[in-house]
Structure formats: C-alpha cells, structure tokens
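I opened a new page for this model. My entries below keep to what I looked up.

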Amino acid sequence: MTQSGSERMEKIVALSKRRGFVFPASDIYGGINGFWDYGPLGVQLKNNLRDAWWRDMVECPPLGPDGHPLSIVGLDSSIIQNPRAWEASGHLSGFSDPMVDCRETKARYRADHLRVLRSRAGAPAALFAFVEGEPEVALKRARKVLGSSKVESDFDELALAEVSAAERALVWAPGAGAPGTLTEPRDFNLMFKTFVGAASGDENIAYLRPETAQGIFLNFKNVLDTSRVRVPFGIAQIGKAFRNEVTPRNYIFRSREFEQMEMEWFCAPKEAQAWYEFWTQTRLAWWRSLGVSADRLRLRRHTADELAHYAKTGAGTQDVEYRYPFTEPGFGELEGIAHRGSFDLEQHQAASKTRLEYFDPQTQERYVPEVIEPASGLTRGVLVLLCEAYDVDESRPSPEILRFPPRLAPIKAGIFPLVAKEGMPEIAEQLYLALRGRFSMQFDAKQSIGKRYARMDEAGTPYCFTIDGQTLADQTVTVRARDTGAQERIAIESVAGYLEERLAG
C-alpha cells in the first residue's frame, strides 16, 4: 500500500529515534522546541556528509570553467563576533520574520507560513488558518464549524497576507475556539541575544551568529594577506548557526540551532554573473553525485519579494530544492546560491574604516570584490539523506532499510561470527581489529544472524561479512549486500580490497 508523505515522515522520525540517529534535545525533560541531538549513528552520518562537502569544496575543489582547479581555503570563525558586525551586516535591523500570535491559544506563527482555506459555502465566508503543509488541521476545524455536508463544497486557498482587513475577524486560528484571535503581523528579529562578561547591561550585549558567512567577510583581509590566494577565490566554513525561529517545524528541517556549510566566492564584478551561474549548476550536480534522485531535486529562482536584504538587485538567488515527504508534491529548500554582490564587504569597510578592496596586479584595477555564496544546511542535508535512503521491503524479517550511499553510511560493514563457538568469534574479531583503523566497522556476535542483518539494514550498513564453518576450512567469508540481500563468498584476505573498491565512489 502506498504511503502518504506524512505517513512516510512519521516512520522516518520513529526509525531515526529508535536506531539513534536523532533525539529530541533534553528528551527526558520533554524536549525543547526547535532543538535536536544527534545520536551515535546520526553524528556519524552528519560527519560523513560534512567531510564529503569539505573534501569536495576545499581539499579537492571543483574544476573551473577553464578546466583548472579552483582556489578555496578553509576557515573556522567564532560564533560570537563584535556586535558592530551585525549592525553593519544589516542583521540587527533587517533579519526578521513577520510574526502573528493567537490571543486565545498563545501560539505564535510566522505570518508567511500561514495559509487560509476560505469556504465558498454560506455568507459571510468562514476562513480557517493552517500552517503551510498541514491543511488537514483547517479541514478538521471546518467540518466542526460548518458541518460535514458543507465542507464538501470548494475552498479557496490563499496566504494570510491575502486576507482582507474586513475578513481578518472571520479567520479561525489553529486550535482556537472562536474566530478573530490572530494579531496583526509584526516583525520579529531572529537573532539570539546573550551577554559577554560579568555584567548584563546594554554595553555587554552580544549575539549568536545567525549565519556563518559574516565570519568569512570579517576575515577576508586576513586571509588575503596571509594566504597565497588571488581573486577569484573562495573561503569555506562549516559551523553552528542560531536563529530564533518563530515556528520551528518539520522535524530537523527548520530548527533554532543548526549547522551550515557555506562558501563565499570572491570575484571581479564583471565576472560575478558568470560565476553565479557556474556555482548554481555545480552545487546541483554535487547533490546528485551523492546519490540524491534527480527527480527529487530542482532549481528555483527567488521572486523579488523573497530576496534577502544582502542580495544584489537584479542578480538574484536560486535554491536547490528537494521534494521532502512533508512538502509533497512540492519542494523545500536544501541549499541557496546567492549573488550577494559587494554588499557585505562594502558595509564592513564603511563601518570598520578598514579598506577591503582588492588590487588586481594584472589589470591594475582596484575594486571591492563581489560575492557568490553557495550555502546549505548540514543538518538539513542529513534530513535529505534520511528521506532519500528510507525504504521498506516487506519480504525481509525487518522490512525497514536505509539505503545510504556507501560513501556516507555511518557504519561501512558489520563483522559477524555465525555462532559463538568453534573459533568463529576469534576469527571474526581478528578481522574486525585488522580493518577498524581503515573503515567504520561494527563487530556483533549477539542474537541470530537474521536479526543482526536486520539491525545493519536499519542502520544503513552496506555490507556484512560472516565467519562461518566454511571459513574454518578454506579461509573464505560470506558477504551479504544490504540493497539486494544477495550473498557471495570471498577470501578473508580480500575483504579490505572489496570494501575499498565499493566505498570509493
């Protein structure tokens, strides 16, 4: 039977907790909205994705349009920066979302995430609000208010912003017992505030960074002065960012603490548009190279009203989007490729009184570089890997499987003795000890071999090697492949080469 997107997502979330990928933060205290912890398998999956991005962006960067490797260096900047940096970058004044509150339930929503169903039955019309992607909430309320017979009539769906002032009093907020309880939208700054030092006065206010990019811009001159880089070049960074989201939702898709993988590409203004197109296609191709289905990925250009305050007018931003179970049949953001122009460097140059220009020794030109920014959420990437890998095979004793690409799988192989006797555990442990320094392995001698295979399927382990009675006779082992369940025998001395060949991609 075909699963709906919400049903599939529920199973992914349940499996992720049961197998130790993702836990609610502070779980024993009931959790805290918008925060998540990554368990033993989850942190390994996240680290594998992180390392793949770092490898492909910094250690072995892409080839440029001329066929030569690009120049990209790494950085790890502080989470807390001088507050003046956030004033200059525009985050203190412009980094906000429209927020509405429900006066009855005290719930808070991002206004641009609320949709409304307007009933065509009766006058005046009744309007039922719901968080984008959750229309069943509005339909349930409509059935109760209008009666099931009237609910079968058509609805118009519109954004909350499209509701006229006269109709605002007719809107039923999610969970409210009467209409008209939503406040007017107002701006809500997403910056987390903290204090530096012993005192907590205004002079000690600081902020947790809402993006890793500003640390890169603040270090542009340092990197240029101390590294053998010349424009065009990139600075890459992976790190934590914090946004006080009004309505964190959809599991780890939108949370208040997350990790970003960002690269700022500094280039001559006359070349910026060409680099923007290059990075857009390159980043889409990278996600496909990880095994993400091409039909579940797409590019979408931002409309004018979506552009961030730093985006260059007329140049634009594009998102690499993925079709998540909770957005089906639509898509949601995975990575953004933004043409930031020279906005950030110009702002910091003016505020800090530090020259952030670049002198091109070939053309004898002096200019403030423009910037192309491919920025993706590492934790959002983990969600894509979980959604993409999840599969069900009812023919297996434990039907749930995570089909991770071998390169990214948290555990690369399981090593099992068939039974705990006749020297099999000792041989299996010797093989495990010989390989554990090269691959992420798991040695498991407990329960039946079928249950051990099932555990590895749920963890996404691509291969299992079993030492059995035949091993004692001819020094061969059984290899079992996760995706097909097929088994073959290879020499025990060939196990390392077998794995190296299949994990290289």
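Confidence. I am working with a predicted model. I looked up the mean pLDDT of the chain and found 91, with 95% of the residues scoring at least 70.

Strand 25. I asked how many of the five residues of strand 25 are buried. Five of the five in this strand, residues 463-467, are buried, so strand 25 is largely enclosed by the rest of the structure. I noted the general rule that side chains in a regular strand alternate between the two faces of the sheet. On one side of strand 25 I found Tyr 463, Phe 465 and Ile 467, on the other Cys 464 and Thr 466, and all are buried.

Partners. I looked up which strands pair with strand 25. Strand 23 (residues 413-417) pairs with strand 25 in the parallel sense over five bridges, and Ala 413 stands opposite Tyr 463. Strand 26 (residues 476-481) runs antiparallel to strand 25 and is joined to it by four bridges; here Phe 465 faces Val 479.

Cores. I found 60 residues in the largest nonpolar core. Among those with the most contacts inside it are Trp 265, Trp 287 and Phe 404. I followed Trp 287 beyond its neighbours within four places in sequence: its contacts include Leu 49, Met 261, Val 320, Glu 335 and Gly 381. A second, separate core has 22 residues, including Leu 431, Leu 435, Tyr 498 and Leu 503.

Technical notes
Residues numbered from 1 in each chain as written. Predicted model: local features only at pLDDT ≥ 70, side-chain atom pairs only at ≥ 80, totals over all residues. Heavy atoms only, no water. Buried < 20%, exposed > 50% of the residue type's maximum accessible area, 1.4 Å probe, protein only. Helix = DSSP H or I, 4+ residues; strand = E, 2+ residues; numbered from the N terminus. Pairing = 2+ DSSP bridges. Core = buried A, V, L, I, M, F, W, Y, C linked by side-chain atoms within 4.5 Å. Contact = heavy atoms within 4.5 Å. pLDDT = per-residue confidence, 0-100.
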